[in-house]
Every structure is written in structure tokens, then in C-alpha cells.
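Visitor: I'm new to this one, so please pick a single part and take me through it slowly.

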Amino acid sequence: MQKLKAAIVGATGMAGQQFVQALSHHPWFEVTVMVSSRSAPDYRRALLEPDGASRWTQSAEVPDDMEAVPVVQSDAFDPKSVDVIFTAVESDVARELEPRFAATTPTFSTASAFRQEPDTPLMIPGVNHHHAELIRVQQRRRGWQGFVVPIPNCTVTGLAITLKPLADAFGLSRVLMVSMQAVSGAGRSPGVRTLDSLDNILPYIPKEEEKVRAELGKILGRVEGETVRPASIPINAICTRAAVLDGHTEAVFAGLERPATVEAVKAALREYRPFAGPALPSAPAEWIHVFEDPFRPQVRRDRDLGDGMTTSVGRVEPEPVLGGVKYVLVSHNTKMGAGKGAVLLAEALLSQGVFGS
Ligand SMILES: NC(=O)c1ccc[n+]([C@@H]2O[C@H](COP(=O)([O-])OP(=O)(O)OC[C@H]3O[C@@H](n4cnc5c(N)ncnc54)[C@H](OP(=O)(O)O)[C@@H]3O)[C@@H](O)[C@H]2O)c1
């Protein structure tokens with residue numbers, strides 16, 4: 001099949017760099033242009049700060065097929081020049097740019113701008129792909145030929161991936177979660193100040209807990225008519241920032257509607273295989289890895305499992321207060337939780353024929 005032409009918007013940022021890696025030598029997509037607040041002849045030069053330092057933060061070098069991609073400002077970018085757009089910009093910028101892109105072109109977004117729009121699905125590949133039917137509603141209501149589909153806040157991703165098989169097998173009565181989130185989750189702008197975060201845990205992340213409640217409810221909800229009816233599960237969270245570079249750790253307490261042994265819960269997590277049919281290029285071989293060792297998962301050791309696309313779980317134990325189970329998870333916030341997760345979503349919707357045909 002001929003590759004679809006793709007654009008990355010915000011490619012110099014934390015999530016944007018993950019798009020760059022996830023789309024490098026991709027079998028289905030070819031990045032032909034990038035969009036930034038500053039134009040540059042190529043991506044390598046767009047990464048340079050005024051003092052000459054590169055903003056590239058990944059351990060692997062800038063991929064060879066991305067170095068020479070031209071970088072233009074949004075005014076000079078024609079969304080019709082590509083088949084698909086991946087955006088990784090702050091929400092205020094997304095609110096301005098994404099409707100213009102979506103008018104003509106399928107747009108996959110890491111930003112929160114559209115997450116709570118009633119006609120817009122909020123999607124995690126493999127967790128709620130049936131919500132994709134809302135895309136036609138969005139197109140009809142807004143007169144768009146393309147669409148915009150956001151992925152959730154990176155704190156919600158591992159939580160939803162692990163709760164989905166439990167909801168399906170046993171039902172969920174209530175959920176509590178405490179997160180210890182990586183500094184890369186705050187991006188570069190505004191980011192987290194080094195002096196505040198080093199040797200520390202910050203007990204509050206503005207607006208994060210509201211997002212966990214609202215987004216998890218929507219993802220686990222059902223499409224009814226022309227919108228999603230959120231799941232009626234009481235959810236609460238405390239979100240903290242830890243001195244970790246990448247990878248969110250979350251302690252989860254899940255009340256279950258039907259009694260389940262710890263072994264049955266582990267089996268439901270291990271057997272979770274959301275996609276039937278041919279493998280998608282960015283999908284992990286193993287969606288959820290369950291450790292028996294009570295000292296795992298550890299964020300530093302386990303965040304890169306399945307190239308950052310596998311959610312790691314450990315400490316699965318009975319939870320008598322809520323009547324269910326408790327566990328600890330680790331999820332890579334900029335891979336499954338951002339760039340590569342959004343690419344996987346695009347692969348899933350392309351293979352379902354939602355766009356590209
Ligand atoms: N970091 C994560 O773990 C994570 C996870 C999930 C979702 N997200 C979401 O992803 C989005 C980006 O987050 P981030 O952490 O990557 O932030 P970031 O590191 O601050 O990057 C933001 C990018 O936006 C670009 N930008 C700013 N104004 C622009 C404009 N007018 N046109 C085009 N590009 C523009 C900037 O590039 P220039 O300076 O080159 O213009 C910058 O590269 C946010 O909405 C965030 O909530 C982040």
C-alpha cells in the first residue's frame with residue numbers, strides 16, 4: 001500500500017519528539033512536513049535553541065529520515081497537503097489550530113482541547129474503539145471532511161487499560177488512584193522547575209485530578225445516540241509529581257461488582273488482547289504485563305517494556321475496604337500515553353476503514 005502523507009505539529013516538544021520516533025520509517029505513514037511556532041529549513045535546525053543547544057531529549061539520536069523534514073509555521077501549512085495530522089501542542093494552541101486542520105484532514109491530538117466535546121470520541125486504542133462511531137457525528141454536525149480525535153491525559157492511559165478488562169470481567173463499583181507522575185508529563189513549557197522537583201514529590205498537579213475523573217468516566221462509558229454517556233463509577237484520585245524523568249506510577253484501588261480471586265484478576269489482565277486480526281505496527285505483543293515479584297513494577301526498569309507500549313502491573317492483592325483488588329501500575333507517559341499511543345490509534349482507525357480509503 002502507498003504510504004499516507006503525515007504532518008507533525010509541535011514536533012520539537014516532549015510529546016512531539018515521541019511522534020517523531022514513532023513515525024520514523026513507519027510502514028503506513030510518511031512525515032512530509034512539521035509545524036511549529038517558528039519555521040526552519042529542516043527539523044534538526046528547528047530543534048536548536050538560540051544558544052545552539054538542541055531540544056532533543058531522547059537517548060536515541062534524531063531519526064535519519066526526520067532530520068531533513070521541513071518545518072513551517074501554521075499559517076503556511078496547508079492541511080490538505082497531507083492525509084493525516086498528528087498534533088502535540090498545548091491546549092490553547094490546539095483549540096485554535098485543530099478545527100482548521102479537521103475541516104479537511106483526519107487529526108490525532110494529544111491535547112485536551114476536544115476531549116470533553118459531546119460529539120468527539122476520547123480514545124485509547126484497544127480500550128474503546130467502538131466510540132469511533134462518533135466521528136461521523138462530529139463530521140456531520142461540524143461540516144468537516146476530516147475529524148479530530150484526542151487521546152486522554154497520560155495519567156488516564158494506564159489506568160483505563162488496566163481497568164477495562166476488570167470492568168468487562170467483574171464490573172467496577174468504585175475506583176481510587178494515587179499517581180506519582182514523571183516530570184516529562186509537564187512538557188517543556190511551562191514544565192517543572194528543577195529546583196522544585198529534584199529530591200522531591202510535589203503533592204498537587206493543577207487540573208489533573210478533574211481530568212482523571214472526567215476522562216476515565218468518558219472512556220469507560222457507552223455511546224448513546226450522538227454522544228457518550230459516561231460510566232457511572234465513582235472515581236477519585238490524588239495526582240503527585242515525582243522526581244522521575246519518564247513513566248507514571250499509579251497505586252490503584254478498584255472495587256469490583258462481582259467477587260473475584262486475585263488469580264482471576266491476574267488472568268483477566270494477562271489475557272487482555274484488545275485487537276483481533278492482523279497486528280498493528282505500533283501495538284505491543286503484550287498489552288499488560290503482570291509481575292509476581294512484589295518489588296515490581298519499578299518505573300526506571302519497566303517503563304520501556306514493549307517499547308513503552310506495555311502497561312506493567314504488580315502487587316495485585318485483595319482490597320477489603322472497597323471490596324475488590326489493589327495494584328500498582330507503570331505506564332510510559334510520552335510513549336503509550338502520548339506520541340506512539342496516538343500513532344497506534346491512527347493505525348487502528350485506518351485498519352477499521354474510518355479514514356484513508
Ligand atoms: N508530555 C506528556 O507526557 C504528554 C502526554 C500526553 C499528552 N500531552 C499533551 O501533549 C501536548 C504537548 O505537550 P508537551 O509535553 O509535548 O509540551 P511541550 O514540550 O511544551 O511542547 C509543545 C510544543 O508546541 C509547539 N508549539 C507552540 N506553539 C505552536 C504553534 N503556534 N504552532 C505549532 N507548534 C507550536 C512548540 O514548538 P515550537 O516551540 O518549536 O513552536 C512545542 O514543541 C499538550 O497538550 C499536553 O497536554 C503531553
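How many residues surround the ligand, and which are the closest?

Guide: Before we zoom in, two notes on reading along. What you see is a predicted model, where local features need pLDDT of at least 70, side-chain atom pairs count only at pLDDT 80 or more, and totals for chains, interfaces and linings use all residues. Residues are numbered from 1 along each chain as its sequence is written.

Now to your question. The ligand is surrounded by 31 residues, where a residue counts as near if its C-beta atom, placed from the backbone, lies within 6 Å of the molecule. Gly10, Gly13, Ala15, Ser37 and Gly187 are the closest.

Some of this shell comes from named elements: H1, strand E2 (29-36) and helix H3 (91-102) each supply at least two residues. H1 gives the most, with three residues. Those labels are DSSP runs numbered from the N terminus, with helices (H or I) having at least four residues and strands (E) at least two. Sorted by class, the shell has 11 nonpolar, 17 polar and three charged residues. Here Ala, Val, Leu, Ile, Met, Phe, Trp, Tyr, Cys and Pro count as nonpolar, Asp, Glu, Lys and Arg as charged, and the others, Gly among them, as polar.

So where does the ligand sit in the overall layout? Domain 1 (4-151 + 339-351) and domain 2 (154-331) both give residues to the shell, so the ligand lies between them. These bounds come from an automatic or database domain assignment. Taken over C-alpha atoms, the centres of the two domains are 24 Å apart.

The domains also touch each other: 28 residues of domain 1 are in contact with 25 residues of domain 2, contact meaning that C-beta atoms, placed from the backbone, lie within 7 Å. On the domain 1 side, helix H1 (14-23), helix H4 (134-142) and helix H10 (339-351) each supply at least two residues. H10 gives the most to that side, with seven residues. By class, the side of domain 1 that touches domain 2 has 13 nonpolar, 10 polar and five charged residues. H1, then, turns up both in the ligand shell and on this side of domain 1.

Let's step over to domain 2, which spans 154-331, and look at helix H5 (residues 154-170). H5 and helix H7 (residues 208-219) pack at an angle of about 40°, with their axes 9 Å apart. Axes are lines fitted to C-alpha atoms, for helices over the stretch in contact, and angles run from 0 to 180 degrees between N-to-C directions. H5 and H7 are therefore oblique to each other; under 35 degrees counts as roughly parallel, over 145 as roughly antiparallel, 65 to 115 as roughly perpendicular and the rest as oblique. Among the residues making the contact are Leu159 of H5 and Leu216 of H7.

H5 has another partner in helix H8 (residues 262-270): their axes come within 9 Å and cross at roughly 120°. H5 and H8 are therefore oblique to each other as well. Thr162, Pro165, Leu166 and Ala169 of H5 meet Val265, Ala268 and Leu269 of H8, a set with six nonpolar residues, one polar and no charged.

One last stop is the backbone. Most residues other than glycine have a negative phi, and most peptide bonds are trans. Lys207, in the loop between strand E8 (201-202) and H7, has a positive phi of about 70° although it is not a glycine. The peptide bond from Arg296 to Pro297 is cis, with omega near 0°.

Note on methods:
Contact = placed C-beta atoms within 7 Å.
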